[in-house]
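User: I would like to learn how to read a protein model. Can we take it one feature at a time?

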Amino acid sequence: MSVVATVLVGIVALIHLYIVVLEMFLWTTPRARASFGTTEEFAKESSALAANQGLYNGFLAAALIWGLVASGSTAWQFKIFGLACVIVAGLYGTATASKKIFFVQVVPGTLALIAVLLAG
């Protein structure tokens, strides 16, 4: 179960690193606008806000990555904390922004959290 937990945590971290890139660096590009369903005008007007969101997603990824590279109880604690934050942020995003967030953040985060808890 430990290998499964590590792989799932890694996937969640990669998802959030991808979100960081989209929100901080590619927000006004056609790819990011398609991903988030925004217009060119809205993307330009909201680029600073999106970069801020991207930074927060970077902190989520950093916690998970630290959980993957640390050892002992520190690793476990960072994984649990990072995944709990991912799930809470995803639930809030699902309720306030897009139902797609449930499948992009909440489901993978929950599966990873279950695997980490089972792996002990």
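**Reading the model, starting from one residue**

Analyst: Start with L64. Leaving out residues up to four places away in sequence, L64 touches V9, V12, A13, K79, G82, L83 and V86. Contact here means heavy atoms within 4.5 Å.

User: What should I know about the model before I go on?

Analyst: This is a predicted model: local features need pLDDT of at least 70, side-chain atom pairs count only at pLDDT 80 or more, and totals for chains, interfaces and linings use all residues. Residues are numbered from 1 along each chain as its sequence is written, and side-chain values use heavy atoms, with hydrogens and water left out.

User: How many helices and strands does the chain have?

Analyst: Helices (H or I, at least four residues) and strands (E, at least two) are DSSP runs, numbered from the N terminus. The chain has 6 helices and 0 strands. Read from the N terminus, the order is α-α-α-α-α-α. The radius of gyration is 15 Å, close to the 14 Å that the globule rule gives for 120 residues, so the chain is as compact as a globular protein of that length. That radius is taken over C-alpha atoms, and the rule is 2.2 Å times the number of residues to the power 0.38.

User: What box do the C-alpha atoms fill?

Analyst: Along the principal axes, the box is roughly 50 × 25 × 20 Å.

User: What share of contacts joins residues at least 24 apart?

Analyst: Take contacts between residues at least 6 apart in sequence. Of these, 58% join residues at least 24 apart.

User: How many of the residues count as buried?

Analyst: Buried means under 20% relative accessible area, exposed means over 50%, and partly exposed is in between (1.4 Å probe, protein chains only). Of the 120 residues, 37% count as buried.

User: Which residues of the largest nonpolar core touch the most other members?

Analyst: First the general idea. In soluble globular proteins, nonpolar side chains tend to be buried together. A nonpolar core is a set of buried Ala, Val, Leu, Ile, Met, Phe, Trp, Tyr and Cys residues joined through side-chain atoms within 4.5 Å. Here the largest core has 14 residues, and V9, V12, L64, L83, V86, A112 and V116 touch the most other members. At least two core residues come from each of α1 (2-24), α4 (47-69), α5 (72-96) and α6 (100-119). Helix α6 gives the most, with 5 residues.

User: Is S35 buried or exposed?

Analyst: Compare its accessibility with the cut-off. S35 has 16% relative accessibility, so S35 counts as buried. S35 lies in helix α2 (residues 30-36). Beyond neighbours within four places in sequence, S35 is in contact with L22 and K100.

User: Where is T38, and why does T38 count as buried?

Analyst: T38 sits in the loop between α2 and α3 (40-45). T38 counts as buried because its relative accessibility is 17%. Apart from neighbours within four places, T38 is in contact with W27, R33 and A43.

User: What does I65 touch?

Analyst: I65 lies in helix α4. Not counting residues up to four places away, I65 touches A13 and L17. At 34% relative accessibility, I65 counts as partly exposed.

User: Which residues does A119 touch?

Analyst: A119 lies in helix α6. A119 touches M1, S2 and A5, leaving out residues up to four places away in sequence. A119 and I101 are 18 residues apart along the chain, while their C-alpha atoms are separated by 26 Å. A119 counts as partly exposed, at 37% relative accessibility.
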